[in-house]
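Reader: I've got a fold to look over before I set anything up. Can you walk me through it?

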Amino acid sequence: MIYLVLLAVLWIVFPLGAMLRPAQLSDNTKIADAYKDHHRYVRMTFTDLKFSGYTCETYGQTRGYYYYTTQKNNCSIILLTPHTCEEGLPTIDRLTVTGRIVKGKESYLALLSQLSSDLNWTETGIRNQLSSYYFSEPDYHLTTTRILFFTYFGSMIYTVLYLFVCMVYIRFPVLSPPCQNLIVFGHPGQILAEAEEELATLPQLATEDMFITEHYFIMTSPYGNAIVPIQEILWIYKHSTLHKMLWYHFSISYTMHITANKHMYVNCPKNTKSDIDGIMDYLAEANHNILVGFNEENRLKVQAVQGKPFHIEKFYALLRRRV
């Protein structure tokens, strides 16, 4: 939801709508007036364009060709891409083109200085005749604009769909992935109801985000949610993570890994050592068949017990339910 609000703010603050649909301006519109009316990306028609003899270069490559035109006693500078002007046509009778209105900077001021020299004018005189704004076709990056809007609308659609899915999961928890993963152990709805009933009573052991009831291990943390039948757990172990910034070590967190039957894997990250040790000791006491600790012997035992890949197990379980 925060990301959707951010997208809305970006749409309001930046001229994204104008980039998507440039304003169509009439032939007699002054470029400076259009800029003052907050039109940045526009589509305009120009007549009687004449090549000034100057080009705009970036990193040694010709970016555009400067033209000038006089319409309704209004002289304007137009920068066209090499493709549009066919690399410097002397004159163009009529042209409708999409571009961006840009305020002239160093390169534009240098152009005016050269034009004043060619026309035997003073720089002050030519600046009084020409606006400090000009029309630039190369500054309307069509490919970049398309990529921008593909990313913008694509991420917006993804966010809306994800938000909708989250709302469905909140309304119908049994449809969420942590519950649907339980299908390999039985009916997800029945298991969820039993786990909720046991959690509603006094849990056997509880930490900030991990709970042990009579028959289930339950995790509800910012890193994920899980429900695992204790009798289905095969192997538990922990590992530590050292958090540091540059050379300073400021904390250590512990992650508990749970491997259950039917290729179910659960990770419980960023917990304290005491919480992890307490959970592991209780699980080992509740199910004496659980292997505790990470070593090669335990890994090979679990590998021998595991059957088909998890997604195959879920597929078979769905088939059994339908039959």
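Reader: Where is the place of Y140?

Author: This is a predicted model, so keep that in mind throughout. Y140 sits in the loop between β6 (133-136) and α6.

Reader: Is Y140 buried or exposed?

Author: Y140 counts as buried, because its relative accessibility is 14% and the cut-off for buried is under 20%.

Reader: How many residues apart in sequence are Y140 and R100, and how far apart in space?

Author: They are 40 residues apart in sequence. In space, the C-alpha to C-alpha distance is 5.5 Å.

Reader: Switching to the surface. Which residues make the nonpolar surface patch?

Author: V5, V9, W11, I12, V13, F14 and L20. Together they make a patch of about 700 Å².

Reader: Which helix gives the most to the nonpolar patch?

Author: Helix α1, residues 2-13, with five residues.

Reader: What about L20? Where does L20 lie?

Author: L20 is in helix α2, which covers residues 16-20. It is partly exposed, at 43% relative accessible area.

Reader: Electrostatics now. How many salt bridges does the count come to?

Author: The count is six salt bridges. The idea behind them is simple: side chains of opposite charge can pair when their charged atoms come close.

Reader: How far apart are the closest N and O atoms of D277 and K238?

Author: Their closest N and O atoms are 2.5 Å apart, and the two residues form a salt bridge. D277 is in helix α9 (residues 273-286) and K238 is in strand β11 (residues 233-245), so this pair ties together parts that are 39 residues apart in sequence. K238 counts as partly exposed, at 28% relative accessibility.

Reader: Which residues are linked with D277 in a network of salt bridges?

Author: K238 and K273 are linked with D277 in that network.

Reader: What do the side chains of D48 and K50 do?

Author: They meet in a salt bridge, 2.8 Å from N to O. Both ends are partly exposed: D48 has 41% relative accessibility, and K50 has 29%.

Reader: And E297 with K301? What is the N to O distance there?

Author: That salt bridge has an N to O distance of 3.3 Å. E297 and K301 are four residues apart in helix α10 (residues 296-305), so about one helical turn separates them. K301 is partly exposed, at 39% relative accessible area.

Reader: Backbone check. What is the phi of Y59?

Author: Y59 has a positive phi of about 50°, although it is not a glycine. Y59 is in the loop between β2 (41-58) and β3 (61-71). At 83% relative accessibility, Y59 counts as exposed.

Reader: What about K270? What is its phi, and where is its place?

Author: K270 also has a positive phi, about 55°, without being a glycine. Its place is in strand β13, residues 264-271. K270 counts as partly exposed, with 49% relative accessibility.

Reader: Last one. Where is A284 found?

Author: A284 is found in helix α9. It counts as partly exposed, at 23% relative accessibility.

Reader: How far apart in space are A284 and I230?

Author: Their C-alpha atoms are 9.5 Å apart. In sequence, A284 and I230 are 54 residues apart.

Reader: Thanks, that covers my list.

Terms used:
Residues are numbered from 1 along each chain as its sequence is written. This is a predicted model: local features need pLDDT of at least 70, side-chain atom pairs count only at pLDDT 80 or more; totals for chains, interfaces and linings use all residues. Side-chain values use heavy atoms; hydrogens and water are left out. Patches are made of residues with over 30% relative accessible area and no salt bridge: like charges are joined within 9 Å, nonpolar side chains (Val, Leu, Ile, Met, Phe, Trp, Tyr) within 5 Å. Accessible areas come from the Shrake-Rupley method with a 1.4 Å probe; for residues, only the protein chains shown count as cover. A salt bridge is a side-chain nitrogen of Lys or Arg within 4 Å of a carboxyl oxygen of Asp or Glu. Helices (H or I, at least four residues) and strands (E, at least two) are DSSP runs, numbered from the N terminus. Buried means under 20% relative accessible area, exposed over 50%, partly exposed in between (1.4 Å probe, protein chains only).
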